Amino acid sequence: MEGPQVQLFVTCLVDSLAPEVGRATLSTLEKAGCRVDFPLEQGCCGQPAFNVGLMDDARTMAAQTLDVLDETEGTIVVPSGSCTAMIAHHYATLFAGSDREEKAARVSARVRELTQFLVDDLDAQLTASCDGCKVAYHYSCHGLRELGLERQADRLLGETERAVLAGDKECCGFGGLFAVEMPAVSTAIMDAKLDRLEASGADTLVGGDVSCLMHLEGGLRRRGSDVVVRHIAELLGDVE
């Protein structure tokens, strides 16, 4: 029996900076029995501009992705809590009263974050693999607070050795343009997180958002740390 048809929306950060996460997400979805399409014309969801109040710019960026995704069928799966939250919760505001209002409602109802889709929708019997690793997990703010993502990753990581990371649900300090506009505050938040990470004894940091992981990995490399940073899809999809 054929599995569900899904659309993979990789996000602009994955496309530009972490294509391995896109490949791992594809592999993970295929392991879960899905038939995966990738709309080539997809672009930015508009979140960076939206977060700083540039609504017209955000609407322009988001319209391209909205138009492309509305022409597809099936669940739209995103390996990012922040981009999922943007489409699922904020497109209604962004396109309210416009000729794309109904389109935004349709697409918003179809979008799911990767771990959310695997656990809540599919009940996929997949488990993350990280042989010889001691894993700490960072629960990103948008996924945790806007989508309620917590137990999903915990279930998928159930067969890995977990480190106890104090403050694992606290912000990493990235916050999109916040890290650019307030670098000193952003760095202080990140350093507190990394101090706790190093104290946990973890050798692998895992998360569900490339943005947070990129920020934290930069801090780790500046410290000369050997902690490896991986997106959860990389532990699920068996992609090196």
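**Reading cysteines, helices and cores in a predicted model**

Colleague: How many disulfides does the rule give, and which cysteines are joined?

Modeller: The count comes to 1 disulfide, and it joins C130 to C133, with 2.1 Å from S to S. The torsion about this S-S bond is about -70 degrees, so the disulfide is left-handed.

Colleague: Are these cysteines buried or exposed?

Modeller: The words refer to relative accessible area: buried means under 20%, exposed over 50%, and partly exposed in between, with a 1.4 Å probe and protein chains only. Both C130 and C133 are buried; C34, at 7%, counts as buried too, whereas C12 has 34% and is partly exposed.

Colleague: At what angle do helix α2 and helix α7 pack?

Modeller: Helices (H or I, at least four residues) and strands (E, at least two) are DSSP runs numbered from the N terminus, and axes are lines fitted to C-alpha atoms, for helices over the stretch in contact, with angles from 0 to 180 degrees between N-to-C directions. Here α2 (residues 19-31) and α7 (residues 114-121) pack at about 10 degrees, with their axes 11 Å apart. Angles under 35 degrees count as roughly parallel, over 145 as roughly antiparallel, 65 to 115 as roughly perpendicular and the rest as oblique, so α2 is roughly parallel to α7. Contact means heavy atoms within 4.5 Å, and this one is made by T25, T28 and L29 of α2 together with L114, F117 and L118 of α7.

Colleague: Which residues touch the most other members of the largest nonpolar core?

Modeller: A nonpolar core is a set of buried Ala, Val, Leu, Ile, Met, Phe, Trp, Tyr and Cys residues joined through side-chain atoms within 4.5 Å. The largest one has 33 residues, and V6, L29, L118, Y137, I232 and L236 touch the most other members. At least two residues of this core come from each of β1 (5-8), α2, α7, β5 (134-138), α9 (151-156) and α13 (232-236). Leaving aside neighbours within four places in sequence, V6 is in contact with residues including L29, C34 and F117. Apart from this core lies another, of 20 residues, among them F9, C45, A49 and L66.

Colleague: What is the phi of T11, and where does T11 lie?

Modeller: Most residues other than glycine have a negative phi. Phi of T11, however, is near 85 degrees, a positive value, and T11 sits in the loop between β1 and α1 (12-17), where it is buried at 7% relative accessible area. D123 has a positive phi as well, near 50 degrees, and lies in the loop between α7 and β5, but it is partly exposed at 44%.

Note on methods:
Residues are numbered from 1 along each chain as its sequence is written. This is a predicted model: local features need pLDDT of at least 70, side-chain atom pairs count only at pLDDT 80 or more; totals for chains, interfaces and linings use all residues. Side-chain values use heavy atoms; hydrogens and water are left out. A disulfide is a pair of cysteine sulfur atoms within 2.5 Å.
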